[in-house]
Amino acid sequence: MMSKKMADAINEQINAEFYSAFLYLSMATKLEDMTLPGFAKWMRVQYEEEVFHGMKLLDHMVERGQRVHLRDIAAPPVEWASPLEIFSEAYEHEVKVTEMINNLVRTAMDDNDFATNQFLLWYVEEQVEEEDNTSTIRDKIKLVNEMPGGLYMLDKELAARTFTPPPAGA
Ligand code: FEO
């Protein structure tokens, strides 16, 4: 049986994942406005990933017989000055999400909630990838920023990203 504290914390995380989705969708539209369709495509895929993260938590709550409390999703920012600012902020956001996931794991361990702890390990691994993806793109932008056509080439590279849902049970 999941404790109320654990269920409340997971409900909060569901909201945080959907906020992340909104944040990245807003970033995608700004990147479209900057005429960087490949960057925008990457961010749209990131939006889909965040919806997947939220839904995976939601499904776990349902499976464990817990009520899901969907709450208001805060409005994300709309304006950024550059792709570098966007990806720097995306990385900093992922660092915060990692801390939230770590706190969830701590709560599960304090509760001796082995099932939730096991379930959350997927998110622990996912956050390593999330931080790596955003920091790598941030660093690539820094590298190409001084090169003529560098941003254009990076835009072509990022356009290749597609969303592939992990297999059932993953
Ligand atoms: Fe759901 Fe980007 O972490």
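Hi everyone. A salt bridge here is a side-chain nitrogen of Lys or Arg within 4 Å of a carboxyl oxygen of Asp or Glu. Keep that in mind while we look at this one, which is a predicted model.

Let's start with the charged pairs. The structure holds 8 salt bridges. In one of them, Glu 32 pairs with Arg 44, and their closest N and O atoms are 2.9 Å apart. Glu 32 sits in helix α1 and Arg 44 in helix α2, so this pair ties together parts that are 12 residues apart in sequence. How exposed are the two partners? Glu 32 is partly exposed, at 36% relative accessible area, and Arg 44 is partly exposed too, at 41%.

Next, Asp 113 and Arg 64 form a salt bridge, with 3.3 Å between the closest N and O atoms. Here the link is between distant parts of the chain, 49 residues apart: Asp 113 is in the loop between α3 and α4, and Arg 64 is in the loop between α2 and α3. Is Asp 113 buried or exposed? Its relative accessibility is 7%, and the cut-off for buried is under 20%, so Asp 113 counts as buried. Arg 64, at 23%, counts as partly exposed.

Arg 138 is buried, with a relative accessible area of 17%, while Asp 139 counts as partly exposed at 33%. There is also a network: Lys 30, Asp 33 and Glu 79 are joined by salt bridges that share partners.

Now to the nonpolar side. The largest nonpolar core has 20 residues, and those touching the most other members are Met 27, Leu 31, Phe 39, Met 43, Ile 86, Phe 87 and Ile 137. Helices α1, α2, α3, α4 and α5 each supply at least two residues of this core, and α1 gives the most, with 6. Apart from that core lies another, of 19 residues, including Ile 14 and Phe 18.

Last stop, helix packing. Helices α2 and α5 pack at an angle of about 35°, with axes 7 Å apart, and the crossing is left-handed. From α2, Pro 37, Gly 38, Phe 39 and Trp 42 meet Leu 151, Leu 154, Asp 155 and Leu 158 of α5. That contact divides into 6 nonpolar residues, 1 polar and 1 charged.

Thanks, everyone!

Methods:
Residues numbered from 1 in each chain as written. Predicted model: local features only at pLDDT ≥ 70, side-chain atom pairs only at ≥ 80, totals over all residues. Heavy atoms only, no water. Axes fitted to C-alpha atoms, helices over the stretch in contact; angles between N-to-C directions. Helix = DSSP H or I, 4+ residues; strand = E, 2+ residues; numbered from the N terminus. Left-handed = near helix turned anticlockwise from the far one by under 90°. Contact = heavy atoms within 4.5 Å. Nonpolar A, V, L, I, M, F, W, Y, C, P; charged D, E, K, R; others polar. Core = buried A, V, L, I, M, F, W, Y, C linked by side-chain atoms within 4.5 Å. Buried < 20%, exposed > 50% of the residue type's maximum accessible area, 1.4 Å probe, protein only.
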